[in-house]
Amino acid sequence: MDVTLKVWRQDGPDAPGRFETIQVPDVSEHMSLLEMLDVVNDRLTVAGEEPIAFDSDCREGICGMCGMMVNGHAHGPQQGTATCQLHMRKFKDGDTITIEPWRAEAFPVVRDLVVDRSPFDRIIEAGGYISVRTGAPRDANIQLVPKPAADWSMDAAACIGCGACVAACPNGAAQLFTAAKIAHLNLLPQGQPERWQRVEAMVDEMEKYFGSCTNHGECEEACPKSISLDFIALMNRDYIKAKFKNRRLAAQRG
Amino acid sequence: MITLESHVPDGPIQEKWTKHRFDIKLVNPANKRKFKIIVVGTGLAGASAAATFGELGYNVEVFTFHDSPRRAHSIAAQGGINAAKNYPNDGDSIFRLFYDTVKGGDYRSREANVYRLAEVSNEIIDQCVAQGVPFAREYGGLLANRSFGGALVSRTFYARGQTGQQLLLGAYQALLRQVHEGKVKLHTRKDVLDLVTHEGRAVGIVVRDLLTGELTSHSAHAVVLATGGYANVYYLSTNAMNSNATAIWRAHRRGAAFANPCFVQIHPTCIPQSEEFQSKLTLMSESLRNDGRIWVPKDPNDTRPPQQIPEEDRDYYLERRYPAFGNLVPRDVASRAAKQMIDEGRGVGPLKNGVYLDFSDAIARLGKQAIEERYGNLFEMYERITDENPYEVPMRIYPAPHYTMGGLWVDYDLQSTVPGLFVLGEANFSDHGANRLGASALMQGLADGYFVIPYTIGNYLAPMLGTQPLPTDHEAFVRTEADVMARIRHVLEVDGSRSAAWFHKELGKIMIQHVGMARSEEGLTEAISQIRALRDEFHRDMKVLGTNESFNQALANALRVWDFFELAELMAIDALHRRESCGGHFRLESQTEDGEALRDDEHFSYVAAWEFKDVGDWELHKEPLEFEYVALSQRSYK
Amino acid sequence: MTTTRTGTDGGTTSRPRTFFGEFYASDVGKKWVMAVTGIVLLTYLFVHMLGNLKIYLGAEHLNTYAEWLRTILEPFMPRTAFLWLFRIVMLTAFVLHIHAAYVLTVHNWKARGWGSRPVRYHTPREYLAADYASRTMRWSGVIIFLFVVWHLLDLTIGSVNPDFIAGDVYHNVVASFSVLWISLFYIVANLLLGMHLYHGAWSLFQSLGWNNPRFNPWRRWFATAFAVIVVAGNVSFPIAVLTGIVG
């Protein structure tokens, strides 16, 4: 199949960007979109033009490295799919495919389709962990975790940190990312001692970089792991509770 | 001239590690911050080591070429992590895990290291659960286990099909906690391009900032490499696009011996290649073999769709040949059997390059819902890639390079032949021998990072108290930086006609054909000359555009491909010298009458550690392997 | 853009330390305030609409009801004291709701790119989940604000009413709605209000964290039903006047 690529090119963080139109004849429908870009880059290199910069690594939808706006959709039109698993068979012969980088104030463009997502690490640093020292724990089966709780925690923990939620959010908010990490830990018994300070610290850190939630739900649609908006409600609830809670009573049950 | 001192402690195997921990020199807690440690890589081994060093109070700097430590390729591991907890009460023990691992590795690993791995495996689970890793649970709230290829007990812990992701996130979070507390300095998007040595010791590294091209030197009391494996030498592998061998290769060129480079695991359950431009192969978790049945049509010319091929025309070749283990034979056995089927022309799919993995029996027995619960995400992934629904049509699978058992040689303390250079995880050679069992890579990465290196590094550091790391304007650093700059300049100046990626792909074709699942003297000799010729062409004809002083992915890639070319030759040389079949290394000259791998313990029961002299010129050193606790036998899974 | 990290700055925030101040300083806190004030305003809207249905019972009923509102809690409190207390509460809720919305909007616009460095997409976005109502909350909000101001001037203060008689609510309503363009403005504003409610009455559950698989499906039903009932009631008044059913 033949496609036309309209792709964002930007030489550096402060350079002005532009769209470049590239004809891409003869691509296989079995290719992923990124493999199509590999082919384009090889052809560009041979023709003496610098290849298109884009991030990708595992190419099986788990590392979270790839991500671009494809025809106005974060990670492209197929739901629950990262860009690396989007195949050309989802497009038609003769299509024009428009590709832009993630855009948000907190995600400055590095080059072409590559953006800097380091604020996500800052949010985790603020409290996205359980403070446990290596070697100190007790036997893994001492603390029982009800299956529904472990399952729901896992639903949240599936987040790959790709930034599609921010890219898709009309407010440039990172609530789904932050909420998923908070829920992963706050839903487990191991996460309880730090529950209230975690949610406060992570939300406060998030708000330094990102917008706020107006409950559009675009993030959930864009998420390659289909992480639920319910986690945002859970985060809001825990944040409010954290503000009212008398933490000196935190060890009490019920 | 290097010497291979394994430093395995004396005494019964059950007591070696305990005794060693007692004998290790300790660093006073107040003095730990006076020691600076560089950690390269943030996968399971690197992140867990860096986090633990930080907790202990060392002054740590950690480097990754990714934009975040969480992207390391450990994240893609699907199936699970082994531990000898014996929670299901099915007869597991530390000794059995040890025994299985040595046997699975076809008796080419160091007993003492493997025993230690089995010993700390239980602590890993405790640690990860405490960190909040959401392992699968039973309804009663206890941890769930499943069985995994090559094992007759259920000892694998898992978090859906994303175990690696969850374990890595645990280690990554622990690491970022230390970054937050100022104990660890984190460098992202930094490519480590060389190791700096001075008076025979590792004293630092030279790194290139991937965003700006700036070269900087970093010095420390010790350098820890946890940079993963080198299966990307095959171009098409299950590794991530950016996984590379540069750090270990450059360390090798600076004096670290490379052990068993030819031991590569070709994983049996990957999605077959569908077209020429494919960039990587996708693994489907081995756990699928628990419920899926592998078969090919008996008649090579059978063109019927799989559902219409009746039972009597199908050949369930694994169940036929290995009645005891059936579809659960170790990876190397399953891979080789699949290759035989395809070589016989009985492959399936449009390119006849796969075998069927069929779930129809399991669906009939357990119901679609149970299968969906176990493998839902894998089935979904398969459908996304192939556009076929595995609930209705059997999956097609084919082996792909997946894991490299070889790596830098290390002693019991995980120290390489360069004092001060430690190597963890897949980057070292230590625990898996000639073949790795499923769910053991995650175990080894975390064992090395959480529970081994934090102790053993003290042995090296304690005597250095009072010394300062070498200043980075020292001649050793200046010279190394100049070497790196010369490499970069070379890559940019060639201005040939083909991209480095093209050469990489061509190299991969040579490697998979001759240094893949079946190797022969003739093929390997041929491969060596082909690799050399292609490497010369690469250095004459590659084309890398742009400048060093920008975000230049083609430049970074060309530097990696450069190193793959040199490593590829060593792999072929190693494979050629090892005239026996063992584990993932199958020499056509050395097989039994029914085509099974035939070991030669008399001549090859050693670790082959190669010392770098020059490209094309390596010197072999042998570390003999002695087995006191495991009886050597020809592996049999019948 | 820095690629080297050494510790997070201090860990303390520079936010104000009073309880409400600290809470309100965060976006999540502001959303909570918007949700709570939203509930107050929703309740008022519903009661307001119910009370006004008395217009269908005739002038006497409606005017008596209006007079009763001025006398609530008499003689415990002076005449209209409750009414004024009530108005203060409503005004506070209204002001907080708008202030929070304003600050959040500015923050969100900044997060999406602002001034010299816009980071909007250069190609059209295709929205999948965000509906028209959710994307136009700010505009419907501004128009509703202008409408409320006009509505107070028209029927409470009377300064823009063509024929205002203090205390004769029925007369004032009929006088106002007999003018076609006023009625149309009233109807349009109420349809916008309906959209605002359609998203807001659902959204508040999220902001408050009221999320439970058992009742989640009802949240959308509630919001839809609430918006339809309030708007239907309100819009019926000008239509009734224009068609002569009332008047």
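**Helix packing and chain contacts**

Biologist: In this predicted model, at what angle do α2(A) and helix α6 of chain B pack?

Modeller: Two packed helices are described by the angle between their axes and the distance between the axes. For α2(A) and helix α6 (residues 163-180) of chain B, the axes are 8 Å apart. The angle at which α2(A) and α6(B) pack is about 85°.

Biologist: Are α2(A) and α6(B) roughly parallel or roughly perpendicular to each other?

Modeller: Angles from 65 to 115 degrees count as roughly perpendicular. The angle between α2(A) and α6(B) is about 85°. The two helices, α2(A) and α6(B), are therefore roughly perpendicular.

Biologist: Which residues of α6(B) make the contact with α2(A), and how many residues of this contact are charged?

Modeller: From α2(A) come A:D121, A:I124 and A:E125, and from α6(B) come B:Q173, B:L176, B:V179 and B:H180. By class, the residues of this contact comprise 3 nonpolar and 2 polar ones. The number of charged residues in the contact of α2(A) with α6(B) is 2.

Biologist: Which element gives the largest share of the side of chain A that touches chain B?

Modeller: Across the whole contact, 65 residues of chain A meet 67 residues of chain B. Elements of chain A that give two or more residues to this side include α2 (119-127), α3 (147-157) and α5 (175-186). The side of chain A that touches chain B has 28 nonpolar, 20 polar and 17 charged residues. Its largest share, 7 residues, comes from α1(A).

Biologist: Which element gives the largest share of the side of chain C that touches chain A?

Modeller: Here 38 residues of chain C are in contact with 43 residues of chain A. Two or more residues each are given by α2 (27-52), α4 (81-111), α5 (132-135) and α8 (180-208) of chain C. This side of chain C divides into 16 nonpolar, 14 polar and 8 charged residues. The largest share, 5 residues, comes from α4(C).

Biologist: What percentage of the residues in chain C are buried?

Modeller: A residue counts as buried if 20 or more other C-beta atoms lie within 10 Å of its own. Chain C has 247 residues, and its C-alpha atoms fill a box of roughly 75 × 50 × 45 Å along the principal axes. The buried share of chain C is 27%.

Key. Residues are numbered from 1 along each chain as its sequence is written. Chains are lettered from A and ligands numbered from 1 in the order in which they are written. This is a predicted model: local features need pLDDT of at least 70, side-chain atom pairs count only at pLDDT 80 or more; totals for chains, interfaces and linings use all residues. Two residues are in contact if their C-beta atoms, placed from the backbone, lie within 7 Å. Helices (H or I, at least four residues) and strands (E, at least two) are DSSP runs, numbered from the N terminus. Ala, Val, Leu, Ile, Met, Phe, Trp, Tyr, Cys and Pro count as nonpolar, Asp, Glu, Lys and Arg as charged, and the others, Gly among them, as polar. Axes are lines fitted to C-alpha atoms, for helices over the stretch in contact, and angles run from 0 to 180 degrees between N-to-C directions. Angles under 35 degrees count as roughly parallel, over 145 as roughly antiparallel, 65 to 115 as roughly perpendicular and the rest as oblique. A residue is buried if 20 or more other C-beta atoms lie within 10 Å of its own, exposed if 12 or fewer, and partly exposed in between; C-beta atoms are placed from the backbone.
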